[in-house]
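Have a look at the fold below before reading on. The notes after it walk through the architecture, the cores and a couple of elements.

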Amino acid sequence: MFATTPLRIVAVSAGLSQPSSTRLLADRLAAATRERLAAEQDRNVEVRVIELRDLAVDIANHLVSGFPSATLRDAIDAVTEADGLIAVTPVFTASYSGLFKSFFDLIDNTALTGKPVVIAATGGTARHSLVLEHALRPLFAYLRAVTVPTSVYAASEDWGSSGDEYTEGLPSRIRRAGGELASAVLGRTVSGASRAPGLDDGEDAVVPFEQQLADLRLD
């Protein structure tokens, strides 16, 4: 039977400035996911981006009072009901931002069980890239979500860079992460041992283990 319910992808951006590189990364990851989903199945795809900067006061009030505003409740419901989640934070003091953590503190620790998630972060230097592995991935493991193998870190110098013979550029990593999230949303296995072929790859593309280690350091 043809499914008419749209697939819902929600991106959470904890960027504070306008314009924000964190929001830009969230938008590009959402677009990559939507593109892959649209190419591989017939259901409509709905994308929503939640900007936490607009909810900062509501989040603080909820932490103190225990009662969410209608706007905050709508955002939490969107996250918990999404088919796939993209979570992007700027790096503050070598970790995720306080605003990012405060929002996810409001979500019940079983509400994201089994939900596929792409984790991503932005920062001024590549030296903070491992924040994805030592901070964000454990956070979503605690929330029982399923993070896809590829995480995306964007330092200032990554924007506009296509990479070189040794490293993937930011656009390639975004496409790969979006493809993995789309596969997870559709119920396909996404293994850390090899990656799903990217839009620029051949059908039998597989990433060698040495390259996976390089990706871990970069992302």
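What follows is a short tour from the whole chain down to single residues.

This is a predicted model, so to speak of local features a pLDDT of at least 70 is needed, side-chain atom pairs count only at pLDDT 80 or more, and totals for chains, interfaces and linings use all residues. Residues are numbered from 1 along each chain as its sequence is written, and side-chain values use heavy atoms, with hydrogens and water left out.

**The chain as a whole**

The secondary structure comes to 7 helices and 7 strands; these are DSSP runs numbered from the N terminus, with helices being H or I of at least four residues and strands E of at least two. Read from the N terminus, the order is β-α-β-α-α-β-β-α-β-α-β-β-α-α. Of the 219 residues, 45% are buried, where buried means under 20% relative accessible area, exposed over 50%, and partly exposed in between (1.4 Å probe, protein chains only). The chain exposes about 10,700 Å², and carbon and sulfur atoms supply 52% of that; the areas come from the Shrake-Rupley method with a 1.4 Å probe, and for residues only the protein chains shown count as cover. Among contacts (heavy atoms within 4.5 Å) with a separation of 6 or more, 77% are between residues 24 or more positions apart.

**Two cores**

A nonpolar core here is a set of buried Ala, Val, Leu, Ile, Met, Phe, Trp, Tyr and Cys residues joined through side-chain atoms within 4.5 Å. The largest one has 37 residues, and Val-79, Phe-103, Phe-104 and Phe-140 have the most contacts inside it. Elements giving two or more residues to this core include strand S1 (7-13), helix H3 (70-81) and helix H4 (98-105). Helix H5 gives the most, with 6 residues. A second, separate core of 23 residues includes Ala-11, Ile-86, Ala-177 and Leu-181. Back to Phe-103: beyond its neighbours within four places in sequence, its contacts include Val-12, Leu-52, Ile-59 and Val-79.

How many of the residues of S5 are buried? The count is 8 of 8. Both faces are covered, with Pro-116, Val-118, Ala-120 and Thr-122 on one side and Val-117, Ile-119, Ala-121 and Gly-123 on the other.

| Strand pair | Bridges |
|---|---|
| S5 and S3 | 6 bridges |
| S5 and S6 | 2 bridges |
| S5 and S7 | 4 bridges |

At the residue level, Thr-122 in S5 stands opposite Pro-90. Pro-116 has Val-146 in S6 as its bridge partner, while Ala-120 has Val-152 in S7.

**Helix H6**

Helix H6 (residues 170-185) has 12 of its 16 residues buried, so it is largely enclosed by the rest of the structure. Its buried residues include Arg-173, Arg-176 and Glu-180, along with Leu-170 and Ile-174. Just after H6, Gly-187 takes a positive phi of about 85°.

Asp-54 sits in the loop between strand S2 (45-51) and helix H2 (56-65). Is Asp-54 buried or exposed? With a relative accessible area of 54%, Asp-54 is exposed. The C-alpha atom of Asp-54 is 9.0 Å from that of Leu-16, 38 residues away along the chain.

Definitions and conventions
Pairing = 2+ DSSP bridges.
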